[in-house]
Amino acid sequence: MSDNKAELTIDGKTVELPILTGTEGERAIDITSLRNETGLTAYDPAFGNTASCSSAITYIDGDKGILRYRGIPLEAFAAYPNFVEVTWLLIFGQLPNRAEYERFSRQLTENANLDEDMKHHFAGFPRSAPPMAILSAMISTLSCFHPQLLELDTPDQFEQAAGRLISKIRTLAAYTYRHSRGLPYIYPDPKLPYVSNFLHMMFSEPYSTYMCEPEVLNALNLVLILHADHEQNCSTSTVRMVGSSRANLFASCAAGVSALWGRLHGGANVKVIEMLESIHGGKQTAREYIEAAKDKSSGIKLMGFGHRVYKNFDPRATILRSVSEQLLNKLGVTDPLLEIARNLEDIALHDDYFLERKLYPNVDFYSGIILRAIGIPTNMFTVLFAIGRLPGWISHWHEQNSDPKMRIARPRQVYTGNPLSEYVPVEDRI
Ligand code: SDX
C-alpha cells in the first residue's frame, strides 16, 4: 500500500483505492468507486469505521482529548464565554468582526418572539409532555410561520433562517417549561443579551424580573459553547442525512432534536442525574452501581461515561467539572450529587473494567450539576443540550448544502432475509 493508494485484491482482481489525508494527518480510504470496480460494498454498522463526509467545522482527536472549533481549541473559549460569537464562528467559519457580531446580535434580539398563533400549539400539549417532543414539533412548526425561509437561495436568506432558529429556540424552550408548570409566558426582553434573555423567559414573572450572578451567565454561555458542535455525532449525522434530501433547515434540525433525545446521546444528561439521585437516595452505593455497570446482564451503564471517539478524557467533561465546582462555590450551594459524581469518577478511573475499555467521563457527566445549580429542571437538560447543539447542526447542514456535489444520502445493506418465496393465499396458510 503506497502512501496515497490502497490496494484491494478480491477474487484475484486487484483494485487501487485512493487514500485521503485530512488537515491533521488523519487518513481515510476513498471507497467511492468500490462497488463499481468490485461489485462489493463495505459493511460498517453504526459507522464506527466510516467517514461519512469531509468537514472543516470541528476537529476531534479522541486519543489526545482534543476538540477544536474551526481550528480554535475549546479551552480558548472558557476565558470569555460568548455563545453568540461561537455560533457565528461555527456557521460562518471565522470569529465575527464587530460589525458582524452587532448585526447578528441584533437579528437574534429582533427575532426572539414567536408568532402569537404558536401559543395554540403549546396549549395542545399535555403539561406532562416530554420537552424534547415539544421542541422537535415546534421547530418543525416554525417552518409554517416562515414559509419564505423554506427554500434558501441566497446567503442572506440562509443567515435569516439561521438567526431565527438560534433566537427562537430559546423562546420555544422557555415556553415549553412555562407551559409544563402552568405559568404565564414571559416575553423576551430586547435589552437582554442571548443567555440572559433565555433565563428571563424561563424564570421571570409578570410581577418580578429574574436576576442572576454574572457567574451564572458565564457558566451557561460556556455550557452552551461546550455543546455547540461535535463533528459527525448521531444527531448531527441525522441533520446531514435529512438535509441531503433537500429537506428545509427547520425540518432537518427538528430531526436532530429527535436523535439527540436518545439516552445514549443527549438524553444521557438526564440519566446521569437520575443515576446520581438513585445513589443519593440510598437505592445502592456508588460501588454497587459501578459493579452493576460492569455486569452486562444488569442492562445498566455508568451514564455520562464512555464515548465512541474519546478514548481519553472528554475535554468538555474536564472543563464542566471545574465549572460545576466553581459555580457551586460562588453560589454558596452544596449539591450532594457533585460529591457522588466525583466518587463515581474516582472509583471508575481506578477500575480495570473502565481503564481497559478506555471509558472516561463525557460531556454529560457533570453538565447536569451546573444546570441544577442554575435552577433548570432535570427534564429540560436535553433541551439545553439542543440549544447548544443547534449552531453545530446548522453549520453542518449549510456546509453540506453548499457543496455542489451533494447527493442524497442512501446507504446500501447486506440482505439476510428470505430467498425468493411464493405468495400463499390466506386459505392455504396454517
Ligand atoms: C454524547 O458522538 C458524540 O460525539 C456524542 C456526544 C456529542 O457531543 O454529540 O459526545 C454526546 O452522546 C455523549 C455520550 C452520552 N452517552 C452516555 O453517557 C451513555 C453511556 N455511554 C455508553 O452508552 C457508550 O459509552 C456510548 C454510547 C457513549 C458509546 O458507545 P459505543 O461507542 O458503541 O461503545 P460500546 O457500547 O461498543 O462500548 C465498548 C465497551 C462495551 O463492553 P465490551 O462489549 O467491550 O465488554 O465498553 C462498554 C460496553 O459495554 N461500555 C460501558 C459504558 N460505555 C461503554 N460499560 C459501562 N458503562 C458505560 N457507560
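1. Two strands pair if DSSP finds at least two bridges between them. Strands (E, at least two residues) and helices (H or I, at least four) are DSSP runs, numbered from the N terminus. S2 and strand S3 (residues 27-29) meet this rule, pairing in the antiparallel sense over 3 bridges. Within this pair, Leu20 has Ala28 in S3 as its bridge partner. A hairpin is formed by S2 and S3, with 5 residues between them, and Gly25 in the turn has a positive phi of about 90°.

2. A note on the basis of these values. This is a predicted model, in which local features need pLDDT of at least 70 and side-chain atom pairs count only at pLDDT 80 or more, while totals for chains, interfaces and linings use all residues. Residues are numbered from 1 along each chain as its sequence is written, and side-chain values use heavy atoms, with hydrogens and water left out.

3. Strand S1 (residues 5-10) also pairs with strand S2 (residues 13-21), in the antiparallel sense and over 6 bridges. Opposite Glu7 stands Glu16 in S2. S1 and S2 form a hairpin with 2 residues between them. Asp11, in the turn of that hairpin, has a positive phi of about 50°.

4. Next, the aromatic rings. Rings of Phe, Tyr and Trp (its six-membered ring) pair if their centres lie within 6.5 Å; planes under 30 degrees apart count as stacked, over 60 as edge-to-face and the rest as tilted. By this rule there are 17 aromatic pairs. One of them joins Trp88 and Phe92, a tilted pair with 4.1 Å centre to centre and 40° between the planes. Both residues lie in helix H2 (residues 83-92), 4 residues apart, about one turn of the helix.

5. Trp88 counts as buried because its relative accessibility is 3%. Phe92 is at 22%, so Phe92 counts as partly exposed.

6. The rings of Tyr177 and Phe203 are edge-to-face because their centres are 5.8 Å apart and their planes are at 75°. This pair links distant parts of the chain, with Tyr177 in helix H6 (residues 155-180) and Phe203 in helix H7 (residues 194-203), 26 residues apart. Tyr177 and Phe203 are both buried.

7. Trp88, Phe92, Phe104, Phe158 and Trp397 are linked by ring pairs into a cluster.

8. How many salt bridges does a search of the whole structure find? The search finds 18, a salt bridge being a side-chain nitrogen of Lys or Arg within 4 Å of a carboxyl oxygen of Asp or Glu. Among them is Lys271 with Glu274, at 3.3 Å from N to O. Lys271 and Glu274 both lie in helix H11 (residues 268-280), 3 residues apart, about one turn of the helix. Lys271 is partly exposed at 32% relative accessibility, and Glu274 is partly exposed at 38%.

9. Arg316 and Asp314 form another salt bridge, with the closest N and O atoms 2.6 Å apart. Both of these residues are buried.

10. Glu325 forms a salt bridge with Arg342, the closest N and O atoms being 3.0 Å apart. Glu325 lies in helix H13 (residues 315-331) and Arg342 in helix H14 (residues 336-348), 17 residues apart, and the pair links distant parts of the chain. Glu325 counts as partly exposed at 21% relative accessibility, and Arg342 is partly exposed at 24%. Both belong to a network of salt bridges that links Arg321, Glu325, Glu339, Arg342 and Glu345.

Technical notes:
Buried means under 20% relative accessible area, exposed over 50%, partly exposed in between (1.4 Å probe, protein chains only).
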